[in-house]
Amino acid sequence: MATPVRVQETHGREVERGRRPASVWFVLMLAGGVVGGIAAAWQLVERIAYADGTNAESLCEINSVLSCNSIFSHWQSSALGVPNTLISLPVFALLASAGLAGLLGSRLSRSYLAGLFGLTVFMALFMTWYMQQSAFAIGALCLFCTICAACVVAVGIGLTRVVDAEQALGTRRSGRQLRLLVEARADLIIWAGLAALIAVLLYLGLGF
C-alpha cells in the first residue's frame, strides 16, 4: 500500500491525505464522462432538431418504444425547468475533467471530490427516477438517456473509489462508513444493483 501523502491545508496545518487511487478508477471517470458527454451533446442536437421539426430520420427514432421524439414531448424531459441534457452535459464535462486530472497526477481537493460525489449520487437517483418514468409513465425509451445512465453508473464506481482513497468525506462517520463499504466491495454491489434496478424497471415497463 502506498504511504499517505502529507499536504498543506489552507489554514497552515498539515494533515495526511489518503493513499493514491488506482489509475483504473480515474479511467472509469474519464471514459464515463466523455461517453456521457457525447451522448448528451448528441441528444441536445436531436432536441433542437425536434423543436424545428427536422429530425424525422433521427438515429434515436428506431421504433415506437425506442423513440426520442416520444420522450421530448413529455414534461419529464425538462423536469428541472430546462432540458435534462443541458444539465447532464456540464456535469459529464466536470466528471471527465476530474478523471483526466487524476490520470495526469493531480490531487484534487477533498471538498471538490466530495462535491462531485454528491452530484454523481444525485444524477444516479435522478436517472433512476427518469428511467422509471420513461418505462411506466411515458412508455418509450431514449437511446441517449440509456447511454447516459450507464455512464453515470461507470463514473459512480470510479469516483466512489477515488473519494474513499483520498478520504474526501473525512475520517468521521461518513468517511468510515464509505471505507467499510469499499473494503467489503459493497460499493460495487450497490452500483451494480442500481444498474440492475434500472434494467428491471425498463423490462417490466416496456417489455424488453
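Start with helix H6, and ask what covers its buried residues: the cover includes helix H5 (143-165) and helix H7 (186-206). Keep in mind that this is a predicted model. H6 itself spans residues 173-183, and its buried residues are Gly175, Leu178 and Val182. Look down the axis of H6 and you'll see these buried residues fall within an arc of 65°, so they line one face of the helix. Just after H6 comes Arg185, with a positive phi of about 60°.

Now let's step back to the whole protein. Going from the N terminus, the order of elements is β-β-α-α-α-α-α-α-α. The protein has 208 residues, and 42% of them count as buried. As for contacts with a separation of 6 or more, 74% come from residues 24 or more positions apart.

One more stop: the pairing of H1 and H3. Two packed helices are described by the angle between their axes and the distance between the axes. Helix H1 covers residues 23-52 and helix H3 covers residues 84-103; their axes lie 7 Å apart, at an angle of about 155°. Angles over 145 degrees count as roughly antiparallel, and H1 and H3 are therefore roughly antiparallel to each other. What kinds of residues make up the contact of H1 with H3? By class, there are 16 nonpolar, ten polar and no charged residues. The crossing of H1 past H3 is left-handed.

Conventions:
Residues are numbered from 1 along each chain as its sequence is written. This is a predicted model: local features need pLDDT of at least 70, side-chain atom pairs count only at pLDDT 80 or more; totals for chains, interfaces and linings use all residues. Side-chain values use heavy atoms; hydrogens and water are left out. Axes are lines fitted to C-alpha atoms, for helices over the stretch in contact, and angles run from 0 to 180 degrees between N-to-C directions. Helices (H or I, at least four residues) and strands (E, at least two) are DSSP runs, numbered from the N terminus. Angles under 35 degrees count as roughly parallel, over 145 as roughly antiparallel, 65 to 115 as roughly perpendicular and the rest as oblique. A crossing is left-handed if the near helix is turned anticlockwise from the far one by less than a right angle, and right-handed if clockwise. Ala, Val, Leu, Ile, Met, Phe, Trp, Tyr, Cys and Pro count as nonpolar, Asp, Glu, Lys and Arg as charged, and the others, Gly among them, as polar. Buried means under 20% relative accessible area, exposed over 50%, partly exposed in between (1.4 Å probe, protein chains only). The arc is that of the directions from the helix axis to the C-beta atoms. Contact means heavy atoms within 4.5 Å.
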